[in-house]
Amino acid sequence: MTNRYRFWIGTACAVSLCMVLAGCMDPAYSPRPAAAQESPSIAKPLTAGATSISPYNPATASAADAVSMAGQKVVKVGLLLPLSGRNAELGRALQDAATVSLFDKYARLSIRQQTVRVELLPKDTGDTPEQASNAMKEAIDEGAAFIIGPLFADATSAAATIAREKNISVLSLSNNRAPAPTGVYMFGFSPQEQAERIVNYALSNGKTRIAVLVPNSPLGETVLASARTALQRTGLKPIVEAKYAAQGAGLDAALNTLVPQGQAPNFDALLLPEGGPALETLMRGLSIRGVKPTTVQFLGTGIWDDTALLRRVNLDGAWFASSSPVSTSQFEQRFTSTYNYAPPRIASLSYDAVALAVTLATSGRPFDTVTLTNAAGYAGPANGIFRLRAGGTVQRGLAVMKVDAGNLTIISPSPTGF
């Protein structure tokens with residue numbers, strides 16, 4: 001994914017976001033490139049092949065720093081990602097984002113100022129649950145006190161059992177919202193939460209006749225359920241619901257359900273959680289039936305949080321919910337300047353996850369349920385405020401954006417607290 005919201009970067013650079021822990025500001029985030037870091041012992045971020053990742057590089061440390069480091073407490077954090085197999089490229093980007101986050105957190109502090117050093121332990125979950133289980137065992141055997149990952153729900157389920165036996169908390173990067181085992185938190189972006197946020201915003205702006213067009217898939221079902229829930233709170237329900245096969249089959253039948261041939265649309269807003277080629281096909285079919293961004297308010301989820309998509313598909317005037325672009329743009333700029341490629345959107349999750357781990361470790365707080373589920377929540381440097389819930393889900397403070405000639409404007413800011 002290319003850098004999004006380039007027009008915000010100038011103002012974003014003035015914003016120094018950091019992880020906030022229950023009212024205590026942690027001044028560890030720095031947008032400066034690695035070359036500007038003060039401490040000579042904070043090495044340039046590593047890339048492929050690292051068996052562990054630490055902000056301390058013995059090869060470049062001064063003698064005084066080496067003595068200081070010898071007395072440090074080391075906190076090891078497992079980083080379980082698909083570093084081989086079908087999703088190796090994505091896994092590598094997640095590891096790169098985690099590495100940048102670690103170095104950003106330490107960039108403002110000299111080695112002497114540190115009392116705790118966080119060390120990341122990358123472990124390959126491959127393509128199977130068995131590989132994920134082995135990765136979890138390796139991380140725990142090497143002393144991991146906290147686990148970030150795995151990425152997918154099946155890998156998380158397989159590996160979580162081992163972590164639970166050792167009473168180690170897991171911050172999975174999955175967005176699965178099925179009940180999670182105790183001590184496991186699903187940190188991925190939630191389409192349900194995004195759908196509810198955008199529907200509530202539409203209702204507050206006079207859109208009461210809302211239609212829903214979704215793929216016939218788990219994603220579509222959860223978005224539809226969230227829309228129904230939001231509407232029910234005001235005594236309403238979707239004016240019309242239509243589904244199509246997840247692979248795009250049956251689009252004409254779904255569109256005919258939405259707008260019967262020869263009739264005008266009977267809704268003033270349309271929730272459409274779709275992207276990629278299917279969205280382009282849907283937009284053509286909708287336009288033929290008189291459903292255009294100029295005639296109906298289009299509503300979307302974070303799947304539209306993609307500048308490449310917005311260049312291909314005319315969504316001018318559409319609204320969608322996602323994390324604030326200011327903080328995300330900072331992360332993407334930092335990542336690209338370090339690794340010379342643009343990060344996929346999901347990479348920001350590992351950036352925020354590592355920021356949380358470093359904040360807790362360096363402030364002496366444990367990775368236990370009480371700390372992780374603090375009701376005040378946290379502020380992630382890439383995606384804004386969030387809080388982990390006892391049931392294993394994450395609640396995020398989402399903004400609402402409007403598509404404006406391919407650019408984005410914040411029309412409803414993210415909340416500043418819960």
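**Close-ups of a predicted chain**

Among contacts (heavy atoms within 4.5 Å) in the protein chain between residues at least 6 apart in sequence, 70% join residues at least 24 apart. This is a predicted model, so local features need pLDDT of at least 70 and side-chain atom pairs count only at pLDDT 80 or more, while totals for chains, interfaces and linings use all residues. Residues are numbered from 1 along each chain as its sequence is written, and side-chain values use heavy atoms, with hydrogens and water left out.

**View 1. The whole chain, before zooming in.** The protein chain holds 13 helices and 17 strands; these are DSSP runs numbered from the N terminus, helices being H or I with at least four residues and strands being E with at least two. Of its 418 residues, 55% count as buried, where buried means under 20% relative accessible area, exposed over 50%, and partly exposed in between (1.4 Å probe, protein chains only). The accessible surface comes to about 16,600 Å², and 53% of that belongs to carbon and sulfur atoms. Those areas come from the Shrake-Rupley method with a 1.4 Å probe; for residues, only the protein chains shown count as cover.

**View 2. An open sheet of five strands with parallel pairing.** Read across, the order is E4-E3-E5-E6-E7; two strands pair if DSSP finds at least two bridges between them. Strand E4 (116-124) and strand E7 (184-186) are the edge strands, each pairing on one side only. On average, neighbouring strands here are turned by 25 degrees against each other, direction ignored. Axes are lines fitted to C-alpha atoms, for helices over the stretch in contact, and angles run from 0 to 180 degrees between N-to-C directions.

**View 3. Strand E3 and its two partners.** Strand E3 (residues 73-81) pairs with E4 in the parallel sense over nine bridges. Along that pairing, Val74 stands opposite Arg117, and Val77 stands opposite Leu120. E3 also pairs with E5, again in the parallel sense, over four bridges. Here Gly78 sits opposite Ile147 in E5.

**View 4. Helix H12 across the sheet.** Helix H12 (residues 347-362) lies across E3, E4, strand E5 (144-148) and strand E6 (170-172), and it runs at about 145 degrees to E4. Leu120 touches Val354, and among its other contacts are Ser52, Ile53, Val77 and Leu102, not counting residues up to four places away in sequence.

**View 5. The largest nonpolar core, 44 residues.** Such a core is a set of buried Ala, Val, Leu, Ile, Met, Phe, Trp, Tyr and Cys residues joined through side-chain atoms within 4.5 Å. Leu102, Leu120, Ile148 and Phe187 touch the most other members. E3, helix H3 (88-106), E4, E5, helix H11 (325-339), H12 and strand E14 (384-388) each supply at least two residues. H12 gives the largest share, ten residues. A second, separate core of 31 residues includes Leu255, Val291, Val313 and Val403.

**View 6. An open antiparallel sheet of three strands.** The order is E13-E14-E15. Strand E13 (378-380) and strand E15 (394-396) are at the edges with a single partner strand each, so one side of each is left without a neighbour in the sheet. Neighbouring strands are turned by 35 degrees against each other on average, direction ignored. E13 and E14 pair over three bridges, and Tyr378 has Phe386 in E14 as its bridge partner.
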